[in-house]
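Please look over the sequence and the structure below before reading on, and keep both in view while you follow the explanation.

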Amino acid sequence: MTSTLTQSQQQTVVQAIKDNPDVIYNVGITPEIVPNFVNRNPVIAIEVLQLLITSPKRDEYLNALLKMEVTVQSIEVVNRLSTKIALPTEFIQDYISNCLAFCYSVNDKFYQMRHVRLVCVLLQSLIRNNILDIHNQDILIEVRTFCLEFTKAREATTLHRLILNMENTNTASSATTFSNNIGTSTTTTSPTCSSTGIPQQDISNENKET
């Protein structure tokens with residue numbers, strides 16, 4: 001598992017795991033080798049980790065993902081895992097913070113922008129799949145600042161627009177709900193004569209009889 005396999009070989013291994021999931025517990029995939037495993041064989045890593053993360057050692061494997069360097073492969077693995085199993089909210093937020101910090105720290109502009117684009121795509125996926133709660137102010141501020149810092153990346157602009165649109169939609173929905181609640185709480189009464197409290201229609205009928 002620590003040597004790089006071709007795409008075809010990785011697909012063969014993935015199918016073998018699907019046919020016999022228990023095999024992963026006998027091939028020596030420990031938290032220590034997760035970084036190397038993810039970077040060399042991400043397709044297999046996705047299949048293996050979604051099983052290991054549901055095991056009693058879940059936290060150890062999640063911590064291994066958090067501690068490894070942010071790479072193209074690790075971003076893809078986390079993105080795919082998030083759509084297959086329920087990852088802890090704390091892990092998602094910590095991983096995003098790691099990704100943002102890594103992008104800020106990269107000196108090579110080309111390498112930096114490549115990761116910025118990938119991180120923005122990851123964030124869009126997490127938001128659209130309701131995995132990341134944009135109402136969390138801490139993470140929202142981080143992401144907004146990130147988007148404004150890297151406006152040259154089209155993906156960052158798209159991400160920022162997505163957040164704004166979702167916020168506007170939620171605001172409009174809340175306003176509509178509030179308006180509807182006000183409307184239903186108002187009771188309709190028949191118009192009355194201010195001096196007698198008798199309905200206007202009744203007064204009209206009495207005048208006709210006289």
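Asparagine 130 has its place in the loop between α7 (109-128) and α8 (137-149), where helices (H or I, at least four residues) and strands (E, at least two) are DSSP runs numbered from the N terminus. This is a predicted model, in which local features need pLDDT of at least 70 and side-chain atom pairs count only at pLDDT 80 or more, while totals for chains, interfaces and linings use all residues. Residues are numbered from 1 along each chain as its sequence is written, and side-chain values use heavy atoms, with hydrogens and water left out.

Asparagine 130 counts as exposed because its relative accessibility is 67%; buried means under 20% relative accessible area, exposed over 50%, and partly exposed in between, with a 1.4 Å probe and protein chains only. Its phi is near 60 degrees, a positive value in a residue other than glycine. Most residues other than glycine have a negative phi.

Another loop, the one between α3 (42-52) and α4 (58-67), holds serine 55. Serine 55 counts as buried, because its relative accessibility is 15%. A polar atom of the serine 55 side chain lies 2.4 Å from the backbone oxygen of leucine 52.

The cysteines can be considered next. How many disulfides are there, if a disulfide is a pair of cysteine sulfur atoms within 2.5 Å? By this rule the count comes to zero. Cysteine 99 is in no disulfide, and the nearest cysteine sulfur, which belongs to cysteine 103, is 6.8 Å away. Cysteine 99 is buried, with a relative accessible area of 1%. For cysteine 120, the closest cysteine sulfur is that of cysteine 147, and the distance of 5.3 Å is too far for a bond. Cysteine 120 counts as buried too, because its relative accessibility is 0%. A disulfide, in general, is a covalent bond between the sulfur atoms of two cysteines.

Of its 210 residues, 35% count as buried. Among the contacts in the protein chain with a separation of 6 or more, 69% come from residues 24 or more positions apart, where contact means heavy atoms within 4.5 Å. The protein chain exposes about 12600 Å², and carbon and sulfur atoms supply 50% of it, with accessible areas taken from the Shrake-Rupley method with a 1.4 Å probe.

Methods: Polar contact = N/O pair within 3.5 Å; in protein donor to acceptor, adjacent residues only side chain to side chain. Disulfide = S-S within 2.5 Å.
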